[in-house]
Amino acid sequence: MYEIAIIGAGPAGASAALFAAKAGKKTLLIDNDKGMTRRGWYENYYGIAEIGGPELVETGHKQAVKFGAELVADQAVNLTAKGEGFVIESESGAAYEAKHVILATGVLTDLAAKAGVETKDGTEPRIKTVVAVNAEGKTNIAGIWAAGTVAGVSVHAIITAGDGAKVAINIISELNGARYVDHDLLKA
């Protein structure tokens, strides 16, 4: 069983997976390769002069995998509670079990709604519906979290990436029983 599974591997999902895996949590990242980030050009992403969406997404995937996240190319089609966690069923017929699930599905809320997660009207232009979350990223179902555009934050990639990191840190903190902080230092 994975400790944390993330559905959606754009900036929010990959950032969450990077933090979760780097913290030593058994992490799954499911990517359907249909995210809107791949179609963008970014000149407003801190620390990067300019980058195309495909390269930004691939870099995020590589970072998450570097720290131990398992990246699966598939489409999650069902999410149900089971025991102390959840089962994620995929289009290919595979099933994955996880204690915590982060929905980072961009503009798509159908999987969340099918799982019984509450949604609400979106506030961003062209984003009609989002998942209802609290400040930590928790949904109405314990163990299901949401991050990024689907959680109602600004659609800007850098903001969704930060939201994914925030939600992962909150889950890691809950799993550890103490606030988690990840700071690397320059090597002398």
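This is a predicted model: local features need pLDDT of at least 70, side-chain atom pairs count only at pLDDT 80 or more; totals for chains, interfaces and linings use all residues.

In which loop is the place of Arg126? Select Arg126: the residue is in the loop between β9 (119-121) and β10 (129-131).

Residues are numbered from 1 along each chain as its sequence is written, and side-chain values use heavy atoms, with hydrogens and water left out.

**First stop: positive phi values**

Remain at Arg126, which is not a glycine and yet has a positive phi of about 70°. Most residues other than glycine have a negative phi. Arg126 counts as exposed because its relative accessibility is 76%; buried means under 20% relative accessible area, exposed over 50%, and partly exposed in between, computed with a 1.4 Å probe on protein chains only.

Next select Asp33, in the loop between β2 and β3. Its phi is near 60°, again a positive value in a residue other than glycine. Asp33 is partly exposed, since its relative accessible area is 48%.

In the loop between β2 (27-31) and β3 (41-42), select Lys34 as well. Lys34 is exposed, with a relative accessible area of 58%. Apart from neighbours within four places in sequence, Lys34 is in contact with Arg39 and Gln75, where contact means heavy atoms within 4.5 Å. A distance drawn from Lys34 to Asn170 gives 27 Å, C-alpha to C-alpha, for a pair 136 residues apart in sequence.

**Second stop: the annotated region and α1**

Select residues 2-117, which the unreviewed UniProt entry annotates as "domain: FAD/NAD(P)-binding". UniProt positions are given in the numbering used here, feature names are shortened, and annotations may be inferred rather than shown by experiment. Over residues 2-117 the chain is 27% helix and 35% strand, with end C-alpha atoms 21 Å apart.

Now select helix α1, residues 11-22. Is α1 largely enclosed or largely open? It is largely enclosed by the rest of the structure, because 10 of its 12 residues are buried. Among the buried residues of α1 are Pro11, Gly13, Ser15 and Leu18. To see their surroundings, display β1 (2-7), β2, α2 (53-66), β8 (95-103) and α4 (157-176), against which the buried residues of α1 pack. Just after α1, Gly24 takes a positive phi of about 85°.

Select Gly35, Met36, Thr105, Gly106 and Val107, which lie nearest the centre of the largest pocket among its 47 lining residues. On a 1 Å grid over the protein atoms alone, a pocket is an open set of points where a 1.4 Å probe fits, with protein on both sides within 12 Å along at least five of seven lines, and lining residues have an atom within 4 Å of a point. The volume of the largest pocket is about 900 Å³, that is, the space filled by probe spheres set on the points, which are joined across faces, edges and corners. Its lining receives at least two residues from each of α1, β2, β3, β6 (76-82), α3 (110-114) and α4.

Select α4, whose 20 residues reach 28 Å from the first C-alpha to the last, close to the 28 Å expected. Gly177 follows α4, and its phi is positive, near 80°. In the segment after α4, select Val181, which counts as exposed at 55% relative accessibility.

Finally, select Lys99 in strand β8. Lys99 counts as partly exposed at 33% relative accessibility. Leaving aside neighbours within four places in sequence, its contacts include Met1, Glu84, Phe86 and Leu175.

Notes
Helices (H or I, at least four residues) and strands (E, at least two) are DSSP runs, numbered from the N terminus. The expected span of a helix is 1.5 Å times one less than its number of residues.
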